[in-house]
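Here are some notes for a colleague who has not looked at this structure before. Please read them with the model open beside the text.

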Amino acid sequence: MKKLLSIILTVTITLTLFTSCASASKALASTYLDLGEKYLTDLNYEQAIVYFNKLIEVEPKNTRAYTGAAEAYAAMGDTASAIAILEQGIEAVDDPTELEEMLTVLLAELVVEDEPTPDEPVTDEETSPEGEDEIEEEEAEPVVNEEEEEETNVTAIPQALSQVDWTERYGSYIYRPLITFFEDGTCRFDVNKAEYIDTIYATYTVYVCPDGTRVIMCNIDDPSEVPSYFSISYWFLVEQSNGEWLYYGNQAGYTGSFTALEQDTDEVISVETSEMSAYDLLLEYYYLAVLDFWDTELLESMNLNYVCYDSDLSYLAYAYVDINNDGITELLIGSAHSNYSGVCAIYEIYTIDGGQVVSVVSGGERDRYYLCDNGMLSNDGSAGAEYSTYVYYSLTENLRLSFVEAVVYDGSYDENNPYFYCTTGIESSDGSMYFSEENYIPITQEKASEIMDSYTKVAISFTPLSDLH
């Protein structure tokens with residue numbers, strides 16, 4: 001009898017331990033999945049890979065563990081690792097259909113030949129990795145940027161510009177920079193540092209924007225001769241209506257990006273000018289904002305997207321597209337890095353209105369826009385692993401967002417049935433929508449996927465800002 005009770009007790013303890021371990025393993029897997037999704041949404045791909053791999057260790061048959069890791073690898077440009085993790089998953093999971101489909105897309109990217117560069121035309125026959133038509137090159141041209149066809153004119157600019165209050169960031173000296181222009185297209189940048197003068201030589205070009213604004217672009221002749229502590233790579237000046245010029249340049253140890261330069265002498269020189277589109281000038285601001293780490297307040301004052309604050313020139317990119325086919329080319333600011341399906345996110349859309357550049361759509365890294373093949377815009381938003389929105393807009397004639405429908409994933413509201421459909425919401429001043437529980441119509445995951453799959457995102461050829469200079 002004692003032996004029988006001992007056996008029963010042993011079996012009971014074993015079953016209890018097994019159940020407890022299984023429960024703990026399931027909880028750990030849920031945590032790894034949530035963290036993987038969170039870091040993927042936050043575009044922290046390295047950490048996303050770490051937690052999706054941890055999920056594979058505790059749940060080797062979890063399909064999302066493999067697709068999540070593959071998405072992160074693909075977003076980092078590591079297609080080989082993305083393919084390897086998918087192949088591993090195909091051998092491990094019970095139903096590899098989703099993994100095989102994703103693998104097919106990635107393998108197709110590797111065999112695409114003669115993919116057009118941003119400067120080459122895109123024909124109707126050439127498609128993105130998902131077979132989606134890319135934007136044709138003739139749609140992707142700036143409003144005015146054909147230098148070989150430009151007509152040159154002559155204008156008079158001050159021979160010298162100076163600045164009085166330019167203070168070193170880590171010192172107390174007051175310097176007096178002086179920029180002198182010569183009619184042969186060269187210029188000299190002198191910084192009087194009390195006891196000695198730093199001098200940098202450069203070439204310059206004077207541009208005229210459509211609204212008449214003049215811009216002087218200066219490029220360093222020999223960067224190797226620039227003192228390392230000065231670290232200036234290029235600069236430009238923009239004429240103001242009061243006759244002063246604003247200086248924009250990157251230089252370590254100095255402030256003054258938005259300090260007015262006063263004319264040093266009454267002497268002027270005559271130089272030829274070239275045309276510069278309003279978009280070209282805006283892109284120069286973007287380039288410098290990323291290069292010189294402009295803060296969010298400065299970005300907002302210059303009508304630049306906040307993603308510049310924590311970005312780099314190879315990540316942030318631009319494209320020219322007439323998105324509503326009205327004959328006016330829009331400037332798109334987005335990511336140079338696509339997701340696994342070959343589609344890049346759009347963060348900002350600018351158009352020309354009354355001769356001025358205006359922003360018509362503004363998003364961000366967790367508020368991403370995509371152009372769809374039906375002419376509509378898709379907006380993917382996220383506030384963490386428990387809340388995501390997939391909102392779809394049509395565009396009015398003046399490019400204002402017009403809400404159509406939305407799918408909301410809200411696991412904190414109903415963890416058993418987290419998918420909801422919305423046809424109403426809270427409209428913000430720019431036309432974008434927000435949603436509350438009052439707008440929720442419960443739907444199944446299958447229905448949510450059906451709605452989202454009815455919108456096909458178009459792959460746009462973006463050019464990294466690093467290609468500007």
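Which ring does the charged end of Lys457 sit over? The points below begin with that contact.

1. The ring is that of Tyr370, and the charged end of Lys457 sits 4.1 Å from its centre. The model is a predicted one, and this applies to every point that follows. Tyr370 also makes a polar contact through its side chain, at 3.3 Å, with the side chain of Arg368.

2. Arg368 belongs to strand β16, which covers residues 367-371. Arg368 is buried and yet takes part in no salt bridge. The nearest side chain of opposite charge is that of Asp380, 4.8 Å away.

3. What does the side chain of Arg368 have as polar partners? One is the side chain of Tyr370, and another is the backbone oxygen of Glu365, which lies 2.8 Å from a polar atom of the Arg368 side chain. Leaving aside residues up to four places away in sequence, Arg368 touches Thr41, Ala345, Ile346, Tyr347, Ser378, Asn379 and Asp380.

4. For the chain as a whole, the secondary structure comes to eight helices and 24 strands. The chain has 469 residues, of which 45% count as buried. Among contacts with a separation of 6 or more, 49% are between residues 24 or more positions apart.

5. The count of aromatic pairs is 20. One of them is Phe236 with Tyr248: the ring centres are 5.2 Å apart and the planes are at 15 degrees, so the pair is stacked. Phe236 lies in strand β8 (residues 234-239) and Tyr248 in strand β9 (residues 245-249), so the pair ties together parts 12 residues apart in sequence. Phe236 is buried at a relative accessible area of 0%, and Tyr248 is buried at 3%.

6. Tyr248 also pairs with Tyr285, and here the rings are tilted, with 5.0 Å centre to centre and 55 degrees between the planes. Tyr285 lies in helix α6 (residues 278-291) and Tyr248 in strand β9, so this pair ties together parts 37 residues apart in sequence. Tyr285 is buried, with a relative accessible area of 10%. Phe236, Tyr248, Tyr285 and Trp294 form one aromatic cluster.

7. How many salt bridges does a search of the whole structure find? The search finds seven. One of these joins the side chains of Glu239 and Arg214 at 2.8 Å, N to O. Glu239 is in strand β8 and Arg214 in strand β7 (residues 214-220), so the bridge ties together parts 25 residues apart in sequence. Glu239 is partly exposed at 22% relative accessible area, whereas Arg214 is buried at 13%.

8. Glu427 and Arg400 form another salt bridge, at 3.3 Å, N to O. This pair links distant parts of the chain, 27 residues apart: Glu427 is in strand β21 (residues 426-427) and Arg400 is in the loop between β18 (387-395) and β19 (401-410). Glu427 is partly exposed, at 48% relative accessibility. Arg400 is also partly exposed, at 33%.

9. Lys447 is partly exposed at 36% relative accessibility. Elsewhere, salt bridges with shared partners join Glu37, Arg64 and Glu71 into one network.

10. Two asparagines deserve a remark on backbone geometry. Most residues other than glycine have a negative phi. Asn303 is not a glycine, yet has a positive phi of about 65 degrees. Asn303 lies in the loop between α7 (296-301) and β12 (316-321), and is partly exposed at 35% relative accessibility.

11. Asn325 likewise has a positive phi, of about 55 degrees, without being a glycine. Asn325 is placed in the loop between β12 and β13 (330-335). Is Asn325 buried or exposed? Asn325 is exposed, with a relative accessible area of 60%.

Note on methods. Residues numbered from 1 in each chain as written. Predicted model: local features only at pLDDT ≥ 70, side-chain atom pairs only at ≥ 80, totals over all residues. Heavy atoms only, no water. Helix = DSSP H or I, 4+ residues; strand = E, 2+ residues; numbered from the N terminus. Buried < 20%, exposed > 50% of the residue type's maximum accessible area, 1.4 Å probe, protein only. Lys, Arg positive; Asp, Glu negative; His and termini not counted. Salt bridge = Lys/Arg side-chain N within 4 Å of Asp/Glu carboxyl O. Polar contact = N/O pair within 3.5 Å; in protein donor to acceptor, adjacent residues only side chain to side chain. Contact = heavy atoms within 4.5 Å. Phe/Tyr/Trp six-rings, centres within 6.5 Å; stacked < 30°, edge-to-face > 60°. Lys NZ or Arg CZ within 6 Å of the ring centre and 35° of its normal.
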